Number of protein chains: 2
Amino acid sequence: MATRRFDPDRRDRIIDAALDVIAVEGVAGASHRKIAARAGVPLGSMSYHFSGMDELLTEAFTRFGTSISDRFDERLGRAVGIDAARQAVVDLIHEDLLDSQRELVLTHELYTLAARKPEFRRITRDWMARSRRALGLHFDPVTCRMLDALIEGLSIHAALDTDAQDAQDTEPLDPEPHSRARTAEAVARITTTDSTASDRFREATHE
Amino acid sequence: MATRRFDPDRRDRIIDAALDVIAVEGVAGASHRKIAARAGVPLGSMSYHFSGMDELLTEAFTRFGTSISDRFDERLGRAVGIDAARQAVVDLIHEDLLDSQRELVLTHELYTLAARKPEFRRITRDWMARSRRALGLHFDPVTCRMLDALIEGLSIHAALDTDAQDAQDTEPLDPEPHSRARTAEAVARITTTDSTASDRFREATHE
């Protein structure tokens, strides 16, 4: 693509291109050159718009986290009452989070980056804080943290448990391992705060 | 290191070296050359012992998953009674899973690989199956899946929520976000099966 003199969206387009390249090549394979080519901008404009790869990665993964947080806000903002809120969480897991191979890959790329470089945990912290604020429209803060962790774990396990090409070689699996009903049951349990069993267990652990 | 004529542990040592290199450089940076150097073996012995990088990665991540599963088996095998089993789960999260930066990185490297290449989901499926078998000493199969997902989510979130170098710039956080008491409460809730609230919610979702 030819260099354009007026291109106010160029920075924006580079950020989107970075996510596209990371989705295919990983953070490790995302070079300035590949991202510039994908965005259709001259290589020189990369250093004009970004101080370096860390700034670009930060912008890209912040945008990615924000796009998922927006769906949390939308679904949970529409829910009225606790049962609708629980249903919204089930929908988030089954209709949004599990849907996209691209999002699965980008999420794990971000977590790998944050695991290795603590400075990127700002992005994962902000993302978690936003998810919990959305959940906080309906649930108490302690429940929000637990529920956010449960959503994470259920989404990751469902994605990693599907589509294995050699699935028939592994041990017989439950026919409906990740059904909506199961998710609904898990969400119900973690958001049920009046359980006498949990009170007894808290006492038993002396904390 | 000099080539050794008799070296029955060589294949084994290459597998360990692969994990060491992945922990530092990532899957993307793990070359035959680096792994051979780390293991102290001649480059040529890599192709003698492994058909290629995919076989080596499979062996390495299988070993990694097995080492974590062994701790699940050990802690859960020792527990007697439901409260001890719940406590064992809390210990797994707080004493084992959160403890090691290396394991955090390796877990995310594996998940990223499996997200991108479905053939590696055999490893994550087998790992999950083994965790659930260990949990199954104490909990019903449906609860095991939920609990396994909760363990995953709590471990990931706790790790990603800590040690951010710019933590002081983010919004005020809960002083004890990942205390053992909180984890114990989450484990109690997800393993409490007699909740009338969850029955009502299951009915409400018509599934």
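I take a contact to mean heavy atoms within 4.5 Å. With that in hand I looked at chain A, where residues 24 or more positions apart account for 64% of the contacts with a separation of 6 or more.

I noted that this is a predicted model, in which local features need pLDDT of at least 70, side-chain atom pairs count only at pLDDT 80 or more, and totals for chains, interfaces and linings use all residues. Residues are numbered from 1 along each chain as its sequence is written, and side-chain values use heavy atoms, with hydrogens and water left out.

I then read the secondary structure of chain A and found ten helices and zero strands (DSSP runs, H or I of at least four residues for helices, E of at least two for strands, numbered from the N terminus). Of its 207 residues, 56% are buried (under 20% relative accessible area, with a 1.4 Å probe and protein chains only).

Phe64(B) and Trp127(B) pair edge-to-face, at 5.7 Å centre to centre with 80° between the planes. Because Phe64(B) sits in helix α4 and Trp127(B) in helix α7 of chain B, the pair ties together parts that are 63 residues apart in sequence. Trp127(B) is buried at 11% relative accessibility. Tyr111(B) and Trp127(B) have ring centres 6.4 Å apart and planes at 50°, so I logged this pair as tilted.

Definitions and conventions: Chains lettered and ligands numbered in written order. Buried < 20%, exposed > 50% of the residue type's maximum accessible area, 1.4 Å probe, protein only. Phe/Tyr/Trp six-rings, centres within 6.5 Å; stacked < 30°, edge-to-face > 60°.
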